[in-house]
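This report walks through one protein model, from overall content down to single residues. Please keep the structure open while reading.

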Amino acid sequence: MKISDLEKLKNEGAENLPSEERRSFLKFGLSVTGVFLGGSVLSLTSARNVQGAIGAMPQAKKFPYSPHYSMVMRQNRCVDCERCKEACAKTNHVPSYGYRTTILEMERESGPNTTERIFMPVLCNHCNRPPCVRVCPTKATFKDEKTGIVMMDYKKCIGCKTCMAACPYNARYFKEENRAVDKCNFCIDTRLSKGETQTACAAACPADVRVFGDLADPASRVYQLVHAPEKVVWVLRPETGALPNVFYMND
(Lines give C-alpha, C1' and ligand atoms only; values in the text may rest on other atoms or scores of the structure.)
Protein backbone atom coordinates (compact mmCIF):
# COMPACT_ATOMS: atom_id res chain seq x y z
CA MET A 1 0.00 0.00 0.00
CA LYS A 2 1.36 3.40 -0.95
CA ILE A 3 1.66 6.16 1.62
CA SER A 4 -0.65 8.31 -0.49
CA ASP A 5 -3.27 5.56 -0.39
CA LEU A 6 -2.91 5.09 3.35
CA GLU A 7 -3.38 8.78 3.87
CA LYS A 8 -6.71 8.59 2.02
CA LEU A 9 -8.10 6.07 4.48
CA LYS A 10 -10.32 7.30 7.26
CA ASN A 11 -8.41 7.68 10.49
CA GLU A 12 -10.65 6.07 13.11
CA GLY A 13 -8.78 7.75 15.92
CA ALA A 14 -5.88 6.55 18.05
CA GLU A 15 -7.92 7.47 21.11
CA ASN A 16 -10.05 4.39 20.45
CA LEU A 17 -7.11 2.10 21.12
CA PRO A 18 -6.80 0.73 24.66
CA SER A 19 -4.46 2.94 26.69
CA GLU A 20 -2.43 -0.14 27.59
CA GLU A 21 -1.69 -0.78 23.93
CA ARG A 22 -0.69 2.81 23.31
CA ARG A 23 1.63 2.74 26.32
CA SER A 24 3.20 -0.46 25.03
CA PHE A 25 4.26 1.25 21.80
CA LEU A 26 5.54 4.25 23.74
CA LYS A 27 7.94 1.94 25.54
CA PHE A 28 9.59 1.38 22.16
CA GLY A 29 9.79 5.07 21.36
CA LEU A 30 6.77 4.97 19.04
CA SER A 31 3.58 6.99 19.17
CA VAL A 32 0.29 5.82 17.60
CA THR A 33 -0.92 8.43 15.13
CA GLY A 34 -3.77 6.66 13.42
CA VAL A 35 -6.04 3.61 13.30
CA PHE A 36 -7.32 2.39 9.95
CA LEU A 37 -9.47 -0.42 8.51
CA GLY A 38 -10.98 -1.34 11.84
CA GLY A 39 -7.63 -1.54 13.55
CA SER A 40 -5.97 -3.89 11.03
CA VAL A 41 -3.54 -1.10 10.09
CA LEU A 42 -1.89 1.14 12.67
CA SER A 43 0.26 4.12 11.80
CA LEU A 44 3.16 4.95 14.07
CA THR A 45 5.70 7.68 14.33
CA SER A 46 8.73 8.34 16.46
CA ALA A 47 7.82 9.48 19.95
CA ARG A 48 10.42 12.19 19.49
CA ASN A 49 7.75 14.10 17.57
CA VAL A 50 5.58 14.33 20.67
CA GLN A 51 8.16 14.61 23.42
CA GLY A 52 6.39 17.58 24.87
CA ALA A 53 3.40 15.42 25.67
CA ILE A 54 4.99 12.20 26.81
CA GLY A 55 8.50 13.05 27.96
CA ALA A 56 11.84 11.88 26.65
CA MET A 57 12.11 9.02 24.17
CA PRO A 58 13.08 5.74 25.85
CA GLN A 59 16.70 4.75 25.37
CA ALA A 60 17.65 1.67 23.39
CA LYS A 61 18.56 -0.16 26.58
CA LYS A 62 14.86 -0.14 27.49
CA PHE A 63 14.13 -2.75 24.83
CA PRO A 64 13.45 -6.07 26.56
CA TYR A 65 15.92 -8.16 24.54
CA SER A 66 19.53 -7.77 23.51
CA PRO A 67 19.74 -8.20 20.62
CA HIS A 68 16.07 -7.49 19.98
CA TYR A 69 15.66 -9.02 16.54
CA SER A 70 13.11 -7.37 14.28
CA MET A 71 12.36 -6.95 10.60
CA VAL A 72 11.14 -3.99 8.58
CA MET A 73 9.26 -4.67 5.35
CA ARG A 74 9.58 -1.91 2.79
CA GLN A 75 6.42 -3.16 1.20
CA ASN A 76 6.23 -1.03 -1.92
CA ARG A 77 9.57 -2.44 -3.10
CA CYS A 78 8.29 -6.03 -3.30
CA VAL A 79 7.85 -7.34 -6.87
CA ASP A 80 6.89 -10.91 -5.91
CA CYS A 81 10.03 -12.48 -7.34
CA GLU A 82 9.78 -15.07 -4.53
CA ARG A 83 13.54 -15.35 -4.06
CA CYS A 84 12.92 -14.86 -0.34
CA LYS A 85 10.65 -17.89 -0.27
CA GLU A 86 13.10 -20.01 -2.22
CA ALA A 87 16.02 -19.04 0.03
CA CYS A 88 13.98 -19.74 3.15
CA ALA A 89 12.84 -23.15 1.94
CA LYS A 90 16.36 -24.16 0.91
CA THR A 91 18.01 -22.91 4.10
CA ASN A 92 15.45 -24.24 6.54
CA HIS A 93 14.37 -27.41 4.70
CA VAL A 94 10.78 -26.28 4.30
CA PRO A 95 8.69 -28.87 2.41
CA SER A 96 6.70 -27.89 -0.67
CA TYR A 97 3.39 -27.97 1.20
CA GLY A 98 4.59 -25.70 4.02
CA TYR A 99 6.01 -22.22 4.39
CA ARG A 100 7.87 -20.08 6.88
CA THR A 101 7.37 -16.97 4.83
CA THR A 102 5.15 -16.13 1.90
CA ILE A 103 3.89 -13.18 -0.12
CA LEU A 104 0.27 -12.12 -0.07
CA GLU A 105 -1.14 -10.26 -3.02
CA MET A 106 -4.24 -8.35 -3.83
CA GLU A 107 -5.60 -6.37 -6.73
CA ARG A 108 -7.27 -3.06 -6.18
CA GLU A 109 -8.57 -0.16 -8.18
CA SER A 110 -5.98 2.53 -8.88
CA GLY A 111 -8.17 4.66 -11.15
CA PRO A 112 -11.51 4.76 -12.94
CA ASN A 113 -10.59 1.87 -15.26
CA THR A 114 -7.30 0.64 -13.92
CA THR A 115 -6.13 -1.74 -11.24
CA GLU A 116 -2.82 -2.46 -9.60
CA ARG A 117 -1.43 -5.50 -7.84
CA ILE A 118 0.00 -5.11 -4.34
CA PHE A 119 2.37 -7.56 -2.67
CA MET A 120 2.83 -8.03 1.07
CA PRO A 121 5.60 -10.30 2.42
CA VAL A 122 4.59 -12.00 5.67
CA LEU A 123 6.16 -14.31 8.22
CA CYS A 124 6.06 -14.94 11.97
CA ASN A 125 5.89 -11.56 13.71
CA HIS A 126 7.86 -12.77 16.76
CA CYS A 127 5.41 -10.92 18.98
CA ASN A 128 6.35 -9.58 22.37
CA ARG A 129 3.10 -11.06 23.69
CA PRO A 130 2.72 -14.11 21.42
CA PRO A 131 -0.68 -15.81 21.66
CA CYS A 132 0.87 -19.04 20.35
CA VAL A 133 3.16 -19.27 23.38
CA ARG A 134 0.33 -18.65 25.82
CA VAL A 135 -1.81 -21.51 24.47
CA CYS A 136 0.86 -24.21 23.98
CA PRO A 137 0.12 -26.97 26.51
CA THR A 138 3.66 -28.41 26.47
CA LYS A 139 5.76 -25.22 26.20
CA ALA A 140 7.03 -26.50 22.86
CA THR A 141 6.86 -22.96 21.52
CA PHE A 142 8.50 -20.29 23.59
CA LYS A 143 9.94 -16.80 23.56
CA ASP A 144 13.74 -16.86 23.62
CA GLU A 145 14.79 -14.89 26.67
CA LYS A 146 17.86 -13.37 25.00
CA THR A 147 16.75 -12.49 21.47
CA GLY A 148 12.97 -12.35 21.68
CA ILE A 149 12.65 -14.83 18.81
CA VAL A 150 9.60 -17.11 19.10
CA MET A 151 11.14 -20.58 18.91
CA MET A 152 10.00 -24.20 18.61
CA ASP A 153 11.23 -27.18 20.63
CA TYR A 154 10.17 -29.92 18.24
CA LYS A 155 10.72 -32.70 20.77
CA LYS A 156 8.06 -31.20 23.03
CA CYS A 157 5.49 -30.61 20.28
CA ILE A 158 2.59 -33.05 20.38
CA GLY A 159 1.00 -31.76 17.18
CA CYS A 160 -2.18 -30.46 18.77
CA LYS A 161 -2.05 -27.40 16.46
CA THR A 162 -3.42 -25.11 19.15
CA CYS A 163 -0.65 -22.63 18.39
CA MET A 164 -1.67 -22.58 14.72
CA ALA A 165 -5.20 -21.61 15.69
CA ALA A 166 -3.98 -18.91 18.09
CA CYS A 167 -1.51 -17.25 15.71
CA PRO A 168 -3.03 -13.99 14.38
CA TYR A 169 -0.78 -14.14 11.32
CA ASN A 170 -1.31 -17.71 10.12
CA ALA A 171 2.46 -18.09 10.24
CA ARG A 172 2.68 -21.77 11.26
CA TYR A 173 2.21 -25.09 9.52
CA PHE A 174 2.32 -28.74 10.56
CA LYS A 175 5.41 -30.51 9.25
CA GLU A 176 4.66 -34.12 8.48
CA GLU A 177 8.31 -35.19 8.44
CA ASN A 178 8.85 -34.65 12.16
CA ARG A 179 5.19 -34.55 13.20
CA ALA A 180 5.57 -31.08 14.72
CA VAL A 181 4.53 -27.51 14.02
CA ASP A 182 7.15 -25.48 12.16
CA LYS A 183 7.59 -21.74 11.71
CA CYS A 184 10.08 -18.95 11.03
CA ASN A 185 12.77 -18.51 13.67
CA PHE A 186 14.71 -15.74 11.92
CA CYS A 187 17.20 -18.43 10.84
CA ILE A 188 18.67 -18.50 14.34
CA ASP A 189 19.89 -22.08 13.95
CA THR A 190 20.78 -22.11 10.26
CA ARG A 191 22.45 -18.69 9.85
CA LEU A 192 22.65 -16.38 12.88
CA SER A 193 24.26 -18.99 15.11
CA LYS A 194 26.90 -19.49 12.40
CA GLY A 195 27.93 -15.87 12.27
CA GLU A 196 25.60 -14.59 9.55
CA THR A 197 23.93 -11.28 10.24
CA GLN A 198 20.98 -11.62 7.87
CA THR A 199 18.14 -14.09 7.57
CA ALA A 200 18.04 -16.12 4.35
CA CYS A 201 15.04 -14.20 3.05
CA ALA A 202 16.59 -10.79 3.72
CA ALA A 203 19.90 -11.78 2.15
CA ALA A 204 18.19 -13.11 -0.99
CA CYS A 205 15.90 -10.15 -1.63
CA PRO A 206 17.20 -8.22 -4.68
CA ALA A 207 15.04 -5.18 -3.89
CA ASP A 208 16.13 -4.78 -0.27
CA VAL A 209 12.52 -5.16 0.88
CA ARG A 210 13.36 -7.02 4.06
CA VAL A 211 15.61 -5.21 6.54
CA PHE A 212 16.63 -7.41 9.46
CA GLY A 213 18.50 -6.39 12.57
CA ASP A 214 18.62 -5.40 16.21
CA LEU A 215 15.86 -2.99 17.17
CA ALA A 216 17.71 -2.22 20.41
CA ASP A 217 20.74 -0.89 18.52
CA PRO A 218 20.33 2.76 17.46
CA ALA A 219 22.99 2.22 14.79
CA SER A 220 21.06 -0.60 13.10
CA ARG A 221 19.02 -0.06 9.94
CA VAL A 222 15.86 -1.44 11.51
CA TYR A 223 16.09 1.00 14.41
CA GLN A 224 16.73 3.93 12.11
CA LEU A 225 13.90 3.01 9.74
CA VAL A 226 11.34 2.45 12.51
CA HIS A 227 12.31 5.65 14.31
CA ALA A 228 12.65 7.92 11.27
CA PRO A 229 10.42 10.86 12.20
CA GLU A 230 9.33 11.54 8.63
CA LYS A 231 8.19 7.97 7.91
CA VAL A 232 4.86 6.25 8.54
CA VAL A 233 5.35 2.78 10.04
CA TRP A 234 2.59 0.27 10.73
CA VAL A 235 2.11 -3.25 12.03
CA LEU A 236 -0.40 -5.90 11.06
CA ARG A 237 -3.39 -6.66 13.26
CA PRO A 238 -2.45 -4.41 16.19
CA GLU A 239 -5.87 -5.04 17.73
CA THR A 240 -4.68 -8.44 18.95
CA GLY A 241 -2.36 -6.80 21.46
CA ALA A 242 0.41 -9.21 20.47
CA LEU A 243 2.96 -6.42 19.89
CA PRO A 244 4.58 -7.74 16.71
CA ASN A 245 8.24 -7.18 15.87
CA VAL A 246 7.71 -7.02 12.12
CA PHE A 247 7.07 -3.49 10.90
CA TYR A 248 5.82 -2.25 7.53
CA MET A 249 6.51 0.94 5.66
CA ASN A 250 6.74 2.32 2.14
CA ASP A 251 10.21 3.63 1.45
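Contact here means heavy atoms within 4.5 Å.

## Basis

This is a predicted model: local features need pLDDT of at least 70, side-chain atom pairs count only at pLDDT 80 or more, and totals for chains, interfaces and linings use all residues. Residues are numbered from 1 along each chain as its sequence is written, and side-chain values use heavy atoms, with hydrogens and water left out.

## Overall content

The protein chain has eight helices and twelve strands. These are DSSP runs numbered from the N terminus (helices: H or I, at least four residues; strands: E, at least two). Of the 251 residues, 51% are buried. Buried means under 20% relative accessible area, exposed over 50%, and partly exposed in between (1.4 Å probe, protein chains only).

Among contacts with a separation of 6 or more, 60% join residues 24 or more positions apart. The chain exposes about 12,300 Å², and carbon and sulfur atoms supply 50% of that. Accessible areas come from the Shrake-Rupley method with a 1.4 Å probe; for residues, only the protein chains shown count as cover.

## Strand pairing

Two strands pair if DSSP finds at least two bridges between them. Strands E4 (residues 101-111) and E5 run antiparallel, joined by ten bridges. They form a hairpin with two residues between them. Met-106 has Ile-118 in E5 as its bridge partner.

Strand E3 (residues 69-74) pairs with E12 in the parallel sense, over four bridges. Met-73 stands opposite Tyr-248 in E12. Strand E12 (residues 246-249) is covered on both faces. Val-246 and Tyr-248 are buried on one side, Phe-247 and Met-249 on the other.

## Nonpolar cores

A nonpolar core is a set of buried Ala, Val, Leu, Ile, Met, Phe, Trp, Tyr and Cys residues joined through side-chain atoms within 4.5 Å. The largest has 41 residues. Met-71, Met-73, Leu-123, Phe-186, Phe-212 and Tyr-248 have the most contacts inside it. The elements giving two or more residues to this core are E3, E5 (114-123), E7 (150-152), E9 (180-183), helix H7 (200-204), E11 (233-236) and E12. Apart from it lies another core, of 15 residues, including Leu-225, Val-226, Val-233 and Val-235.

What does Phe-186 touch, leaving aside its neighbours within four places in sequence? Its contacts are Tyr-69, Ser-70, Met-71, Leu-123, His-126, Ile-149, Leu-192, Thr-199 and Phe-212.

## Cavities

On a 1 Å grid over the protein atoms alone, a cavity is a set of points where a 1.4 Å probe fits but cannot get out; lining residues have an atom within 4 Å of a point. Grid points are joined across faces, edges and corners, and a volume is the space filled by probe spheres set on the points. The structure holds five cavities of 30 Å³ or more.

About 90 Å³ of space lies in the largest cavity. Its lining has 14 residues. Cys-78, Cys-81, Cys-84, Cys-205 and Val-209 lie nearest its centre.

## Two loop residues

Gln-198 lies in the loop between E9 and H7. At 26% relative accessibility, Gln-198 is partly exposed. Not counting residues up to four places away in sequence, Gln-198 touches Arg-191, Leu-192, Ala-203 and Phe-212. The C-alpha atoms of Gln-198 and Val-211 are 8.5 Å apart.

Is Ile-158 buried or exposed? Ile-158 is exposed, with a relative accessible area of 59%. Ile-158 sits in the loop between E7 and helix H6 (162-166). Leaving aside neighbours within four places in sequence, Ile-158 is in contact with Pro-137 and Thr-138. Thr-138 is 20 residues from Ile-158 along the chain, and their C-alpha atoms are separated by 7.7 Å.

How values were computed:
1 Å grid on protein atoms, 1.4 Å probe; cavity = no way out; pocket = protein on both sides within 12 Å on 5 of 7 lines; lining within 4 Å.
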